[in-house]
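Thanks for coming. I will talk through one structure, beginning with a definition and then taking a few residues in turn.

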Amino acid sequence: MLYHIPKIFTPDLLRLMMDLGHGEELLICDANFPRRTMEKETVWITNSPVEALVREILCFFPLDATVDCPIAVMEGAAQNGMLDRFQALAPDKGIERVERFAFYERAKRCAGIVATTDGTRCANIILKKGVVTDGDGNR
């Protein structure tokens, strides 16, 4: 165990987040997402809803400041309230709404996947990684 690391994080999740470079994207998906067809490295987090997991990830994962929308969700997230919930986690960041099948295509280009057992419909989100600078509090 380490200080200040959320208990829902696994060593594999930390390694995946650390391994991603600037501009690479991370998919966090619900239990219904067709992740097997993505053929990407997958890390499982089975004890957390997507929203709670994203909240914790955003404490450690810098979003890309060079793009207008470093976050992408499926269009369906607007219908079930997930869009508003994701926006509340990053109120100063733009969120792009992507049509379902276009979202699947974009997910295929993600550098990694965090799969959850969350059954919430359209609780899928893509985060584009930004950079960490020397002034960001690193030791």
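A polar contact is a pair of N or O atoms within 3.5 Å; within protein, one must be able to donate a hydrogen and the other to accept it, and residues adjacent in sequence count only if both atoms are side-chain atoms. Before using that, note that the model is predicted, with local features needing pLDDT of at least 70, side-chain atom pairs counting only at pLDDT 80 or more, and totals for chains, interfaces and linings using all residues. Residues are numbered from 1 along each chain as its sequence is written, and side-chain values use heavy atoms, with hydrogens and water left out.

Now S48. Its place is the loop between β2 and α2; helices (H or I, at least four residues) and strands (E, at least two) are DSSP runs, numbered from the N terminus. The S48 side chain reaches the backbone nitrogen of L53 at 3.5 Å. Is S48 buried or exposed? S48 counts as buried because its relative accessibility is 6%; buried means under 20% relative accessible area, exposed over 50%, partly exposed in between (1.4 Å probe, protein chains only). Leaving aside neighbours within four places in sequence, S48 is in contact (heavy atoms within 4.5 Å) with I8, L53, T116 and D118.

Last, K108, in helix α5 (residues 100–108). K108 is partly exposed, at 34%.
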